[in-house]
Every structure is written in C-alpha cells, then in structure tokens.
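Biologist: Please bring up the model, so that its chain and selected residues may be discussed in turn.

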Amino acid sequence: MSDYRYREDVTDGYLSLHYALPKTVFIAGVRADNVNYTSWSPTSSNGIASSNFARRNGSYINPLPSFDIVHHFPMSINLHASYSRSIGRPTPSNIAQAEKMTCGSSDETSIATCTISMGNPNLRPREAHNFDVALDKFFDHDNGVLSATFFSKIISDDIYNQTSIYSQDGEIYESTTPMNATSSILRGVEFSALDRSIAVLGQVFDLSVNATWMQGHMHYYENGVLMRTNHLIYQPDVLVNGAVTWHIPAIHGGLRATANYNGKFLTGLGTTPNDNTGQGDTFMLNMAFWHRVYKTVSFKYEVQNLTNTHFNNVTGSKLQYTDNTNYLGRGVYFHLIMDYN
C-alpha cells in the first residue's frame, strides 16, 4: 500500500531588471514556474492491495513577480521593502499516497481503533503574496546590526492535514487527509540583534538574538461549512533564538551556547476544533566546545538538549490537552575536524 510513485518535471525561467540611484536600488523580476507531474497510486479492495495502479496527471504554470527597493540612509541605516509572489508545492506523499489503514495500534494514548491516512490527487499548490519591510542599523564598524522586520503573507490554497474521527460498526476510526484551505493570512514582526566583536575583560564574544511574533488565521470548509482557525498549520505565536560564543585564541577554539524557544503550534485540524492536534511549546539549550590539537586537526564536543526537553503532542481547541509526551533525552557528540585550507 506504500508503493506509490511520483514524477515531477519543473521548468523555470527568470528575468531580472536592476536600476540604481546613488542611494536607492530598484530590482524588479518575474519567474515563470511550469510543473507537470504524474502519480501512480496502488489500488485496493477491502483494504487489500492489488497489482493495479491508478495513474493521474496534472500540470500548472505560475507567473511569479517580485519587486524590491533598498534605500541607504545616513548613519548606516538601510530600508528594505519588497513584494513577491511564491508557490509551495505539495509533497509526493500528499498527492500519490494510497489509502492506508492500521488497526490494533499499541498506542494506548489513542482513542481510535483504526487510523487511516491517504493522499489527495486533487491537491493544489499553495500560493502566497508576500510583503516585507525591514529597517537595519549597522554599528561597531559593521560588525553589529540591529534589525526590525514586518512581514505579511496572503495565502490561497494553503495545505493542511484534516483529521476526522468517526464510529463505524462499533469501531472508532481516525482518518487524516491533506486538504486545501480557502484562504489564509500570516502577519508578524521580527526583531534581531547581532554583534560579532564584543570585548569584555580582554575576551571576545559573538552575540546574536532574534524574536518573532506571528499571528495568522485560515478559512477552510468542513462538511460544507466554512470554518476559521486562528492559527496556520505549524505556525507558533512566538519564536525566540539566541546564541553566545566565547572565542579562546590560546587554544584556537571556543565555547558556544545556543537557546531556542518555540511556542505551541497546530499540526492538523479536526472535524471540530476540539479535535485539533498540535505540538506543545518547547525550550532547548545546547552547548559546544572545540579546540585545536594539531595544525590541521581540531576536536569538538557537543551536548544537544542540555535541558532534557520533552515534546508534548497536544489536542483541543486551544491545544490545552496533552495526549502523550516524547522524551528524546540528551545527545552527546564528539567531532574530529580536519582542515587542510
């Protein structure tokens, strides 16, 4: 049942025009994206695969324009504004995967006796109109930059996983199918700071941090009724990342710590909002230390997930219920690096 095949031929052409003034640069372009695909999906009768394949063909062509303006202000301040149109192609399994049923699962956290997954040969690519405005301020002899960015995406045919739970002949079934949404909007603001030359007590550090706030909503149909969710699939409300590196010239090495926070997000929409699925919020800390042991040889020691973060699979209209918890543990790595440059 998993023996599906998918072939995709993509042809692209791009035209770009640049015009530069002393302080302002204009860039206009258009890309023609042409796709032809063929899928072969196994057929089945009463859940038993046969030797026959259902073949389906499809194609689409999209003109994808873009326009950018970059203006250089005094005091190393740059303003960047852009518009672009883009597409996101479905994965092969989204289109070609046949209906697959698994019953008698050992997962005690699932209320379903049987789970069903299938592709959608009529799935269309998602299309987006993207608007971005960014303001950058460079400092510390261009070793540092502060940036604030506003972005907005207007998306049609967004792709999401629709999960339906129903009862038949005394058994509970959970069916998952990729679908196209009617319309989606994503907006957000990102702040970032970077400095690659911070001197403290005679030591040199790199520091970077960025934080993003996002808000989105999506309209889709469920059993002929127009529904709305206040999040997009895989869209958290908040993302925060930070890293600090201590350079140690005496050992030709350094020490780095990275921290990441990811807010909870949707992974699938249910028949009702209470059946929505997602992943809970997470915070993770990683550490790395490296030093040179020979002219061209260095050792690196790395600990991932130092905080022993676990991942919760959650459900509910506000993703407020935990279904199960995945404990991934810590990862300890040793790297041998050979550099002949």
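Biologist: Among contacts between residues at least 6 apart in sequence, what share joins residues at least 24 apart?

Modeller: The model is a predicted one. Contacts here are heavy atoms within 4.5 Å. Counting the pairs at least 6 apart in sequence, the share that joins residues at least 24 apart is 59%.

Biologist: How many strands does the chain have, and what box do its C-alpha atoms fill?

Modeller: The chain has one helix, and its strands number 22. Taken along the principal axes, the box filled by the C-alpha atoms is roughly 75 × 50 × 40 Å.

Biologist: Which residues make the nonpolar surface patch of about 400 Å²?

Modeller: One member, Phe150, is found in strand β8, residues 144-156. Membership requires over 30% relative accessible area, and Phe150, at 40%, is partly exposed. The patch is made by Phe73, Leu79, Val133, Leu135 and Phe150.

Biologist: Is Asp158 buried or exposed, and with which side chain does its own side chain make a polar contact?

Modeller: Asp158 is placed in the loop between β8 and β9. Its relative accessible area is 6%, and therefore Asp158 is buried. Leaving aside neighbours within four places in sequence, the residues in contact with Asp158 include Met179, Asn180, Ala181, Ser184, Met218 and Leu232. The polar contact, at 2.9 Å, is made with the side chain of Arg126.

Biologist: Is Asp142 buried or exposed, and what is its phi?

Modeller: Asp142 lies in the loop between β7 and β8. With a relative accessible area of 55%, Asp142 is exposed. Its phi is positive although the residue is not glycine, with a value near 65 degrees.

Biologist: Where is Asn305 found, and why does it count as buried or exposed?

Modeller: Asn305 is found in the loop between β19 (297-304) and β20 (310-315). Its phi is near 60 degrees, a positive value in a residue other than glycine. The cut-off for a buried residue is under 20% relative accessible area. Asn305 counts as buried because its relative accessibility is 4%.

Biologist: What distance separates the C-alpha atoms of Leu285 and Leu266?

Modeller: Leu285 lies in strand β18, residues 282-292, and counts as partly exposed at 24% relative accessibility. Leaving aside neighbours within four places in sequence, its contacts are Thr258, Ala259, Gln304, Asn305, Leu306 and Thr307. Leu266 is 19 residues from Leu285 along the chain, and their C-alpha atoms are separated by 23 Å.

Biologist: What distance separates the C-alpha atoms of Val303 and Leu285?

Modeller: Val303 is found in strand β19 and is partly exposed, with a relative accessible area of 23%. Leaving aside neighbours within four places in sequence, Val303 is in contact with Asn286, Met287 and Gly331. Val303 and Leu285 are 18 residues apart along the chain, and the separation of their C-alpha atoms is 8.9 Å.

Note on methods. Residues are numbered from 1 along each chain as its sequence is written. This is a predicted model: local features need pLDDT of at least 70, side-chain atom pairs count only at pLDDT 80 or more; totals for chains, interfaces and linings use all residues. Side-chain values use heavy atoms; hydrogens and water are left out. Patches are made of residues with over 30% relative accessible area and no salt bridge: like charges are joined within 9 Å, nonpolar side chains (Val, Leu, Ile, Met, Phe, Trp, Tyr) within 5 Å. Accessible areas come from the Shrake-Rupley method with a 1.4 Å probe; for residues, only the protein chains shown count as cover. A salt bridge is a side-chain nitrogen of Lys or Arg within 4 Å of a carboxyl oxygen of Asp or Glu. Helices (H or I, at least four residues) and strands (E, at least two) are DSSP runs, numbered from the N terminus. Buried means under 20% relative accessible area, exposed over 50%, partly exposed in between (1.4 Å probe, protein chains only). A polar contact is a pair of N or O atoms within 3.5 Å; within protein, one must be able to donate a hydrogen and the other to accept it, and residues adjacent in sequence count only if both atoms are side-chain atoms.
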